[in-house]
Amino acid sequence: MSVVDVIKEQIESNTILLYMKGTPRFPQCGFSSRATEALMACGERFAFVNILEHPDIRAELPKYANWPTFPQLWINGELVGGCDIICEMGATGELETLVKAAAAGAEEEQPQA
C-alpha cells in the first residue's frame, strides 16, 4: 500500500481526523496544541495521526491535501484547514456545530446491535 493510499484510507475511515505533531495529551508544537484544545472543546471523540512518528505521511500529506502546514483537520473526508482556521471556527462556534454534526452522522452509520 502506498503512502497516499494509507492517507486516503485514514481520511475515509475517520469522520474527524487531526494530523498533528505529537498527541492530544502531549502536543509537540504550539499550533497542534491550540488546534487540539479547540477540537477537544467540542466534546466529541476524534482520531489523530502523530506525523512525527510517520515521516512518510508528513512528507506526502501536504502534496495530497494541497495544504503545506500542520496540523490539518479533516471532517467527513474534507480538509477543514489548519490551526488558524480551526481556532477561528472554534471561537465563532462554527467548529462545534461542524464536529457535532459529523459525530452524529457517524453514529447513525453504525449498525445497531
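The following conversation concerns a predicted model of one protein chain.

Biologist: How many helices and strands are there in the chain?

Modeller: The chain has five helices and four strands. Starting at the N terminus, the order of elements is α-β-α-β-α-β-β-α-α.

Biologist: What share of the contacts with a separation of 6 or more comes from residues 24 or more positions apart?

Modeller: Such residues account for 62% of those contacts.

Biologist: Turning to the helices, how do α1 and α3 lie to each other?

Modeller: Helix α1 (residues 3-13) and helix α3 (residues 55-65) have axes that cross at roughly 75° and come within 9 Å. The two are therefore roughly perpendicular.

Biologist: Which residues meet there?

Modeller: From α1, Val3, Val4, Val6, Ile7, Lys8, Gln10 and Ile11 take part, and they meet Asp56, Ile57, Glu60, Leu61 and Tyr64 of α3. By class, this contact has eight nonpolar, one polar and three charged residues.

Biologist: What does threonine 36 touch, not counting residues up to four places away in sequence?

Modeller: With that exclusion, threonine 36 touches Leu18, Met20, Pro24 and Phe46.

Biologist: What percentage of the chain counts as buried?

Modeller: Of the 113 residues, 36% count as buried. The accessible surface is about 6,700 Å², and carbon and sulfur atoms hold 50% of that area.

Conventions: Residues numbered from 1 in each chain as written. Predicted model: local features only at pLDDT ≥ 70, side-chain atom pairs only at ≥ 80, totals over all residues. Heavy atoms only, no water. Axes fitted to C-alpha atoms, helices over the stretch in contact; angles between N-to-C directions. Parallel < 35°, antiparallel > 145°, perpendicular 65-115°, else oblique. Contact = heavy atoms within 4.5 Å. Nonpolar A, V, L, I, M, F, W, Y, C, P; charged D, E, K, R; others polar. Buried < 20%, exposed > 50% of the residue type's maximum accessible area, 1.4 Å probe, protein only. Areas by Shrake-Rupley, 256 points an atom, 1.4 Å probe, with all protein chains shown as cover.
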